[in-house]
Amino acid sequence: MNFARFSRPAKIVSYTGLTGLALVIIAPLLWLTMSVFKNSSDIVTNPFSLPKDFSFTNITDAWNAGDFGQLYVNSVLITVVSVFGILVLEGMAAYAFARMEFRGRNLLFVIFVAGQFVPAQIIALPSFLQMSHLNLADTRLSLILQYLSWAPFAVLFLRASFLAIPKEIEEAALLDGASRLAVLWRIILPMTRSSFATVGTIYALWIWNDFLFPLVYLRSSQNFTVPLGLAHFQGLFTTFWGYLIGAIFIAVWPPMLVYLLLSRRIQSKLAMGGVKG
């Protein structure tokens, strides 16, 4: 958005709104960061005061009590494997819908799109029963398989990206003897990497923050993800505000710092891909 074209009143309203939105987002993080260095009594009695004595006790105690090291390993493993599988499988499905002619293609695509309107809560119990029959309940693999079925959005988004590429480019490569797989890997993927990056980022956020399916699928604490582990942590230590604040700090800040460190590179890659694609 080019604010230079806005009138002065419009600029004032826009900047005021953006500043207010930034404060709404930043204020809880600042309060969390300030409170994590307090003891439990100060958190309750002086919630908005600065910490008197900076201490990392809340963080270390919460890390040890909640076994956050294992929680992060589980969340990272499930998210990375699921997103990679989604990009590969749904990418090939989207390419087939966009470029390949076969009987029932349009009907099958409508079924894929219709799945976008099915709430996740409806399929949670049936999918859990399926995993139980396969003896996969209470495993990280069950979550990965469930996330791989979140295909409608990825197929719809990537298919639109493939359709935006002129067919003549692929036809020329096929005439030169390239296979469909070679065309997809060497020509289509480089031209649509911004779309794949967008889909991967969206799905990574969905999967990392998902609470419903880990709650339904997992029972063993060694398989818990970060959101599920944080919820159980709160249930065990509801009166120990220092533990709770420390656990929230551990759950929120590491992924946020990773994003802040990589955000500029991600945005530049998206911009480059959008220009070239």
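I started with Arg-105: at 17% relative accessibility it counts as buried, where buried means under 20% relative accessible area, exposed over 50% and partly exposed in between (1.4 Å probe, protein chains only). Its salt-bridge partner is Glu-101, with N to O at 3.6 Å. Glu-101 counts as exposed, at 64% relative accessibility.

A note on what I'm looking at: this is a predicted model, where local features need pLDDT of at least 70, side-chain atom pairs count only at pLDDT 80 or more, and totals for chains, interfaces and linings use all residues. Residues are numbered from 1 along each chain as its sequence is written, and side-chain values use heavy atoms, with hydrogens and water left out.

Next I looked up salt bridges (a side-chain nitrogen of Lys or Arg within 4 Å of a carboxyl oxygen of Asp or Glu). How many does a search of the whole structure find? It finds 2. Arg-99 and Glu-170 form one of them, and their closest N and O atoms are 2.2 Å apart. Arg-99 sits in helix α4 (residues 68–99) and Glu-170 in helix α9 (residues 167–175), so the pair ties together parts 71 residues apart in sequence. Helices here are DSSP runs (H or I, at least four residues), numbered from the N terminus. I checked burial too: Arg-99 and Glu-170 are both buried.

Terms used: Helices (H or I, at least four residues) and strands (E, at least two) are DSSP runs, numbered from the N terminus.
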